[in-house]
Amino acid sequence: MTNILDFYSTMIELPIYFVNKRSRYGYRFTEMFSELVPIQAEATLEPVRYSTDIMLAFLDLSLRKNKEDSKKFEKMAISFANQFGPLKYEESTYLEDFSALADSMSSVTKVGRPEIQNQTALSTNFSVTIIDSQTASGDLGTFVEMNSLRSAIWFDFLISGTQGYRRCEYITLFNEKRKTCTAWICIGRSDQKWCSDACRMSAKRKLNKLADQ
């Protein structure tokens, strides 16, 4: 078990490896225990390989949590699961798991990483394995393997944005998110204002159009 704040300096360059299983027909929460279950129990499971975009999508969810009522948050959690699968692997995922991860990410965003000292709903200790596997391009690479989507998101959130995250400038300018916008940029790794060239060019065209009106 390693504390992420001590582990950060050696692991920052290694990408995360985890392949989740997502039900093709989506999920729902049970009424009695708020357990996440497939809409069709025997539905085909599709693999979803982890990427930092998944963590950024959950970061967006976590900062919206306190602005929404419980029913709205439940719908947000289902929408996330429909895209990326359950938070836990080989054990049940509950609505509380989504809430705990969202609250932990929100707390760190407010107070910063050096000050958290395990004062979050989730621990900053992780059991990790270093593996060699194929990259998306087919080359062999070294990864930090995680044992669940929740662990992958939480670990990635803590090591990727050493100084936090900023919103893509497109959202700052227009108070809306483009369809392909990832919404967030890691400050510790980049001083860029745009999550992609597509957002930058789209904003330029939109500003020019507004200026001509």
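**Rings and backbone**

Guide: F29, F58, F80, F84 and F98 are joined into a cluster by ring pairs. Keep in mind that this is a predicted model.

Visitor: How many aromatic pairs does the structure hold?

Guide: There are 8 aromatic pairs in the structure. One of them is formed by F18 and Y89, edge-to-face, with 5.5 Å centre to centre and 85 degrees between the planes.

Visitor: Where do F18 and Y89 lie?

Guide: F18 is in the loop between β2 (16-17) and β3 (19-23), and Y89 is in the loop between α3 and α4, so the pair ties together parts that are 71 residues apart in sequence.

Visitor: Is F18 buried or exposed? And what about Y89?

Guide: F18 has a relative accessible area of 5%, so F18 is buried. Y89 has 32%, which makes Y89 partly exposed.

Visitor: Changing topic: which lysine lies over the face of F73?

Guide: K65 does, at 5.4 Å from the ring centre of F73. Elsewhere, K206 lies over the face of F174, at 4.6 Å from the ring centre.

Visitor: Now the backbone. What is the phi of S34?

Guide: The phi of S34 is positive, about 55 degrees, although S34 is not a glycine. Most residues other than glycine have a negative phi.

Visitor: Where does S34 lie, and how is its accessibility classed?

Guide: S34 is in the loop between β4 (27-29) and β5 (36-38). Its relative accessibility is 23%, so S34 counts as partly exposed.

Visitor: And what about the phi of E90?

Guide: E90 also is not a glycine, and its phi is positive at about 65 degrees. E90 is in the loop between α3 (70-84) and α4 (95-111).

Visitor: Is E90 buried or exposed?

Guide: E90 counts as exposed, because its relative accessibility is 76%.

Definitions and conventions:
Residues are numbered from 1 along each chain as its sequence is written. This is a predicted model: local features need pLDDT of at least 70, side-chain atom pairs count only at pLDDT 80 or more; totals for chains, interfaces and linings use all residues. Side-chain values use heavy atoms; hydrogens and water are left out. Helices (H or I, at least four residues) and strands (E, at least two) are DSSP runs, numbered from the N terminus. Buried means under 20% relative accessible area, exposed over 50%, partly exposed in between (1.4 Å probe, protein chains only). Rings of Phe, Tyr and Trp (its six-membered ring) pair if their centres lie within 6.5 Å; planes under 30 degrees apart count as stacked, over 60 as edge-to-face and the rest as tilted. A charge sits over a ring if NZ of Lys or CZ of Arg is within 6 Å of the ring centre and within 35 degrees of the ring normal.
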